Amino acid sequence: MEHHTAHPAAARSSVDGPQSDDKPDPFTVVVVLSGGLDSTTLLAHYAALGCDLLAVTVDYGQRHRREIEAARAVATHYGARHLVVDLRGFGGLLRGSALTDAQVQVPDGHYAEESMRATVVPNRNAVLANVAVSVAVAERASVVALGMHAGDHFVYPDCRPAFVTALNSLVAVANEGFPTPQVEAPFIHWTKSDIATHGTRLGAPLHRSWSCYKGGDRHCGTCGTCYERREAFRDAGIDDPTDYVDDVTEFAAPLSGV
């Protein structure tokens, strides 16, 4: 399935007119880059549109730094400016999430299972998105891009369309009179396999992306996000470039009705 998103950068003229003080640069995009499959494809998506890219990665005290290292490699691949924002103290306050609390074990299995609620980081996307918005206002960027997709809706409330709509309203009110960006989530109605297909077609360095919640030298292959990653490539009919510790090629289908 081929996906196209219209964007003003696609129609960039050879001579840019002057920008007024309260108008953002229509060709500059801030991408929230976690280093995972979705955000790697997101950066590739806006690179293909000819945008000037600023990648923002937030170190919020997550369980490991492998995804931050992956984000750095992906940003370098695209020649994007890359900012790593240090909010490590934030994660230390968030007890009860497997991604920020070392006392909580990372659950294995499909995202549809109730155990995956342990991977919710309270209000995470609101924090990450608003950090990126602040950077975008300062940099006069026209867009802040988020990589959530339809498969996230079941578990994560801050990955749903209503969140993006509310966030845009907040951004407009909070930055009135300043160069205010639009928040875009171009994959929000796509499946993970759609994203894997899109990223592959764009030549995104998906082999450099990192999904596993457990860290380590290789993807574990059994945690919820590894399971989802493997399923995405399988359903898309694309060779998975990921090196997994658990290299079983067949795994259980998701629960019916999910």
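Is the crossing of H1 and H2 left-handed or right-handed? The crossing of H1 and H2 is right-handed, a crossing being right-handed if the near helix is turned clockwise from the far one by less than a right angle, and left-handed if anticlockwise. This is a predicted model, in which local features need pLDDT of at least 70 and side-chain atom pairs count only at pLDDT 80 or more, whereas totals for chains, interfaces and linings use all residues. Residues are numbered from 1 along each chain as its sequence is written, and side-chain values use heavy atoms, with hydrogens and water left out.

The axes of H1 and helix H2 (residues 66-78) lie 10 Å apart at an angle of about 15°. H1 is therefore roughly parallel to H2 (angles under 35 degrees; over 145 is roughly antiparallel, 65 to 115 roughly perpendicular and the rest oblique). Thr-40, Leu-43, Ala-44 and Ala-47 of H1 meet Val-74, Ala-75 and Tyr-78 of H2, contact meaning heavy atoms within 4.5 Å. This contact of H1 with H2 comprises six nonpolar, one polar and no charged residues.

Helix H1 (residues 37-48) also packs with helix H6 (residues 192-201), their axes coming within 9 Å and crossing at roughly 45°. H1 and H6 are therefore oblique to each other, and their crossing is left-handed. Leu-37, Asp-38, Thr-41 and His-45 of H1 touch Lys-192, Ile-195, His-198 and Gly-199 of H6.

Turning to charges over rings, the charged end of Arg-66 sits over the ring of Trp-210, 4.0 Å from its centre (CZ of Arg or NZ of Lys within 6 Å of the ring centre and within 35 degrees of the ring normal). Arg-230 lies over the face of Tyr-244, at 4.7 Å from the ring centre.

Notes. Axes fitted to C-alpha atoms, helices over the stretch in contact; angles between N-to-C directions. Helix = DSSP H or I, 4+ residues; strand = E, 2+ residues; numbered from the N terminus. Nonpolar A, V, L, I, M, F, W, Y, C, P; charged D, E, K, R; others polar.
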